[in-house]
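Subject: Structure handover and notes

Dear colleague,

I am passing on the structure below, and after it you will find my notes. Please read them with the structure open beside you.

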Amino acid sequence: MSALPTASVVVCVYTEKRWFDIRSAVESVLAQDVTPLETIVVVDHNERLHERAEREFGPLGVVVVANDRVQGLSGARNTALDLASGEVVVFLDDDASARPGWLAALLAPYADPDVIGVGGIAHPRWPDGRPRTLPGATPGDPDATGELDWVVGCTYTGQPTERAEMRNLMGCNMSLRAEVFKRVGGFAEDMGRIGKNPLGCEETELCIRARQAYTADGRTPRILFEPKAAVDHRVSDDRVSWRYLLRRGWAEGISKAAVSKVVGTGDSLSTESSYTMKVLPAGVLREARDRNPASAAAIVACFGVTAAGYIRGRLPGASAHVRLPAAGRNTPGA
């Protein structure tokens with residue numbers, strides 16, 4: 001078996017309200033059977049949290065830095081890229097906890113030189129059981145997926161159940177070769193989340209941009225989903241409400257529209273076509289058959305508001321502010 005590549009693990013944080021989650025995330029990285037080259041905690045424009053993180057994580061060998069870019073998740077990630085020296089850069093959400101074997105499972109596929117990115121599975125940890133707003137076929141199974149689990153940043157029904165190629169990675173639990181950022185630049189800071197703002201899709205855009213660039217170079221890039229690389233993603237109370245479901249769907253639609261303008265409609269919607277034509281109708285039928293009208297309505301409503309957001313995002317000027325980072329702007333280890 002070939003040696004695993006070196007890894008820089010990044011956890012971006014922004015609020016002390018998540019302190020116990022942050023500590024759990026960092027401790028889960030330090031407990032892995034594969035030791036990362038470095039663990040980097042990036043604090044997003046919060047001096048008090050920065051001081052607390054330095055005080056508690058510094059003695060453990062964790063690098064704690066302040067986001068020196070635009071406020072938001074993308075800016076924080078790009079700050080980490082300026083510092084990362086590992087061959088692979090791994091991103092773990094501040095409210096996610098890695099399971100044993102997570103890092104080794106993420107890194108193993110990089111033995112294939114064509115693999116440029118690997119992502120893992122995210123299991124939702126509900127505040128009080130699976131909610132009606134996010135239905136699933138087996139609500140009693142804490143590791144089961146649901147059709148709308150992407151709303152809370154978790155693996156959803158329709159994604160692979162075994163290692164497979166995929167279009168893009170999920171930001172909660174993902175990794176990319178450091179060379180990718182040197183080739184295509186970092187995350188588009190105009191797309192990243194800021195605090196509780198649910199706008200996103202910056203990971204989707206980056207993965208599509210990277211695949212297009214490598215393909216143009218005559219290479220055959222592969223981005224893989226590896227379910228053995230598992231994390232538990234805590235879902236807060238406010239994210240199981242109808243209000244959040246509709247707000248998140250609207251934001252997803254606008255974000256997808258912005259991505260499609262940047263990288264093209266074909267690549268940006270390739271995964272969504274199958275999802276909307278097969279996965280969602282099956283979910284509605286199941287919930288209706290099981291006499292769960294609220295759950296069936298949640299799927300229909302989320303699809304409707306996401307589609308409306310996409311249409312809004314395609315209107316002239318809706319995403320004119322989105323700019324892509326220049327290739328080589330973020331060069332880990334530079």
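Arg 291 belongs to the loop between helix H9 (270-289) and helix H10 (293-314), helices (H or I, at least four residues) and strands (E, at least two) being DSSP runs numbered from the N terminus. Its phi is near 60°, a positive value in a residue other than glycine. As background, most residues other than glycine have a negative phi.

On the conventions, this is a predicted model, in which local features need pLDDT of at least 70 and side-chain atom pairs count only at pLDDT 80 or more, while totals for chains, interfaces and linings use all residues. Residues are numbered from 1 along each chain as its sequence is written, and side-chain values use heavy atoms, with hydrogens and water left out.

For the chain as a whole, there are ten helices and nine strands, and buried residues make up 55% of the 334 residues. Among contacts (heavy atoms within 4.5 Å) between residues at least 6 apart in sequence, 78% join residues at least 24 apart.

Strand E1 (residues 7-13) has seven of its seven residues buried, so it is largely enclosed by the rest of the structure. Ala 7, Val 9, Val 11 and Val 13 point one way from E1, Ser 8, Val 10 and Cys 12 point the other way, and all are buried. In a regular strand the side chains alternate between the two faces of the sheet.

E1 has parallel partners in two strands, where pairing requires that DSSP finds at least two bridges between them: five bridges join E1 to strand E4 (residues 88-92), and six bridges join E1 to strand E2 (residues 38-43). Towards E4, Val 11 stands opposite Leu 92, whereas towards E2, Val 10 stands opposite Ile 40 and Val 13 stands opposite Val 43. From E1 the chain crosses through H1 to E2 in a right-handed β-α-β crossover, right-handed meaning that, with the strands pointing away from the viewer, the path from the first strand over the helix to the second runs clockwise.

E2 is likewise enclosed for the most part by the rest of the structure, because six of its six residues are buried. Glu 38, Ile 40 and Val 42 lie on one side of E2 and Thr 39, Val 41 and Val 43 on the other, and all of these are buried. Four bridges join E2 to strand E3 (residues 63-66), and these two strands run parallel, with Val 41 standing opposite Val 64 in E3. E2, H2 and E3 together make a right-handed β-α-β unit.

Helices H1 and H2

Helix H1 (residues 19-30) and helix H2 (residues 47-57) pack at an angle of about 40°, with their axes 12 Å apart; axes are lines fitted to C-alpha atoms, for helices over the stretch in contact, and angles run from 0 to 180 degrees between N-to-C directions. The contact is made by Trp 19, Ile 22, Arg 23 and Val 26 of H1 and by Leu 49, Arg 52, Ala 53, Glu 56 and Phe 57 of H2.

Phe 20 also lies in helix H1, and with a relative accessible area of 62% it is exposed.

Loop residues

Thr 35, in the loop between H1 and E2, counts as exposed at 69% relative accessibility. The C-alpha atoms of Thr 35 and Ser 8 are separated by 9.7 Å, and these residues are 27 apart along the chain.

His 45, in the loop between E2 and H2, has a positive phi of about 50° although it is not a glycine, and with a relative accessible area of 46% it is partly exposed.

Asp 95, by contrast, is buried, with a relative accessible area of 6%, in the loop between E4 and strand E5 (96-98). Not counting residues up to four places away in sequence, Asp 95 touches Arg 18, Asp 21, Asp 232, His 233 and Arg 234.

With best wishes

Notes. Buried < 20%, exposed > 50% of the residue type's maximum accessible area, 1.4 Å probe, protein only.
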